[in-house]
Amino acid sequence: MLPILFLLVTGYLLWIAAYLCYERHSRRKREEKAGQILPRIAVDVSDILGKSTFSLSHSTPQIPEKTKTKNL
């Protein structure tokens, strides 16, 4: 019984190792293919800084005006 359990555990660990190696290989292959399709363009950071037109005024919380009411 012990040798069978040992063989099963060893086989499972070998299968996991083979699967992880296959996944790493396929991921590298996909990244290489994506790099050929969509090449990255290096841009100087000084060209980007200070050119944002994004405004946060609409997303800042607005304080409601307090109105005075008379209690009758």
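**View 1. Tyr22 on helix 1.** Tyr22 sits in helix 1; helices are DSSP runs of H or I with at least four residues, strands are runs of E with at least two, and both are numbered from the N terminus. This is a predicted model, in which local features need pLDDT of at least 70 and side-chain atom pairs count only at pLDDT 80 or more, while totals for chains, interfaces and linings use all residues. Residues are numbered from 1 along each chain as its sequence is written, and side-chain values use heavy atoms, with hydrogens and water left out. Tyr22 has a relative accessibility of 53%, so Tyr22 counts as exposed. Buried means under 20% relative accessible area, exposed means over 50%, and partly exposed is in between (1.4 Å probe, protein chains only).

**View 2. The nonpolar patch.** Tyr22 belongs to a nonpolar surface patch with Leu2, Leu5, Val9, Tyr12, Leu13, Trp15, Tyr19 and Leu20. Patch residues have over 30% relative accessible area and no salt bridge; like charges are joined within 9 Å, and nonpolar side chains (Val, Leu, Ile, Met, Phe, Trp, Tyr) within 5 Å. A salt bridge is a side-chain nitrogen of Lys or Arg within 4 Å of a carboxyl oxygen of Asp or Glu.

**View 3. Tyr12, Trp15 and Tyr19 in one aromatic cluster.** The whole structure holds 2 aromatic pairs. In the pair Tyr12 and Trp15, the rings are stacked, 6.4 Å centre to centre with 20° between the planes. Rings of Phe, Tyr and Trp (its six-membered ring) pair if their centres lie within 6.5 Å; planes under 30 degrees apart are stacked, over 60 edge-to-face, and the rest tilted. Trp15 and Tyr19 are stacked too, because their ring centres are 5.7 Å apart and their planes meet at 10°. Along helix 1, Tyr12 and Trp15 are 3 residues apart, about one turn. Trp15 and Tyr19 are 4 residues apart, again about one turn. An α-helix has 3.6 residues a turn, so residues three or four places apart point the same way. Tyr12 and Trp15 are both exposed, whereas Tyr19, at 41% relative accessibility, is partly exposed.

**View 4. Ser26 and Glu23.** Ser26 also lies in helix 1. Its relative accessible area is 15%, so Ser26 is buried. A polar atom of the Ser26 side chain is 3.0 Å from the backbone oxygen of Glu23.

**View 5. Helix 1 from end to end.** Helix 1 covers residues 2-37, and at 1.5 Å a residue its 36 residues should span 52 Å. The expected span is 1.5 Å times one less than the number of residues. The end C-alpha atoms are 52 Å apart, which agrees. Helix 1 is hardly covered, with 1 buried residue among its 36. The chain has 2 helices and 0 strands.

How values were computed. Polar contact = N/O pair within 3.5 Å; in protein donor to acceptor, adjacent residues only side chain to side chain. Areas by Shrake-Rupley, 256 points an atom, 1.4 Å probe, with all protein chains shown as cover.
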